[in-house]
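Please look over the sequence and the model below.

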Amino acid sequence: MRAATYLFIFLNLSLALFEEPAVYPLPFLATSVLEVLCLLVFLGRLTHFAKVTLRRVFWKDTKNICIVVAILLSLTDLAVCGVLRLYDVRHMRWSRIVRPIFLVNFAESRQIRRAFRNIRNTLPEITYVFLLFMFSLLMFSLMALKLFGERSLQTAEGLPYFRNYLEIVFDLYVLVTTANSPDVMMPAFDFSSWYALFFIAFVIVNTYIFMSLFLAVVYNNYKKHLKVMPGGACD
């Protein structure tokens, strides 16, 4: 039963590769039949569990309620999508986002659920570090706007350089990963080599200091919650 459950969960999650927009598109009817088959297996698994469980205990379990809701949402979305396709109306399968619920909430997925709960408990405690990082990013973006926005600089493609605040925030956010380095600083560097100091300071503060601090906070809090959870271990 466990192997069968995991097999159909895997098939259900794999449908994202074949539904429009898809990597390997299949006819709507084929993906719909496979999804209905998976949902019927999940419903049968849940019904079997309900037969051997007291009703008040079954409906008190949040996991069972999540699975029932996910099945209903998936069937509703599938029916709406089928009707809209009859009228040649494009429809995005929004119910894809509920499919991981089956992986997390079945009784066999205890370890996955434990890891998910640990991550959920860790997130509030890293909020302050994340907000501090975002504040630094926004302040550096504001400085970049003041430094370069009035100098009529252009990128290699001839586009305005650092004149829109939101675009600056995005470019500097990407710079934290160094994915656009050194391209993002070249127009300013060509204007004056001293402007390289701004980008060096940004990388030191946000990439080397804040990212290391963020990683340390995430690791320490995750490890702490792993210790206090029932059955948790640090190895």
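The following paragraphs describe the fold, the overall dimensions, the surface and an annotated segment.

This is a predicted model, in which local features need pLDDT of at least 70 and side-chain atom pairs count only at pLDDT 80 or more, while totals for chains, interfaces and linings use all residues. Residues are numbered from 1 along each chain as its sequence is written, and side-chain values use heavy atoms, leaving out hydrogens and water.

The protein chain contains 10 helices and 0 strands, helices being DSSP runs of H or I with at least four residues and strands runs of E with at least two. Its radius of gyration is 25 Å, well over the 18 Å that the globule rule gives for 235 residues, so the protein chain is more spread out than a compact globule. That radius is taken over C-alpha atoms, and the rule is 2.2 Å times the number of residues to the power 0.38.

| Property of the protein chain | Value |
|---|---|
| Box filled by the C-alpha atoms, along the principal axes | roughly 75 × 55 × 25 Å |
| Accessible surface (Shrake-Rupley method, 1.4 Å probe) | about 15,000 Å² |

Of the 235 residues, 32% count as buried, meaning under 20% relative accessible area (1.4 Å probe, protein chains only). Carbon and sulfur atoms account for 70% of the accessible surface.

The UniProt annotation "signal peptide", from an unreviewed entry, covers residues 1–16; such annotations may be inferred rather than shown by experiment. In the model, residues 1–16 are 81% helix and 0% strand, and the end C-alpha atoms of this span lie 24 Å apart.

Notes:
Buried means under 20% relative accessible area, exposed over 50%, partly exposed in between (1.4 Å probe, protein chains only).
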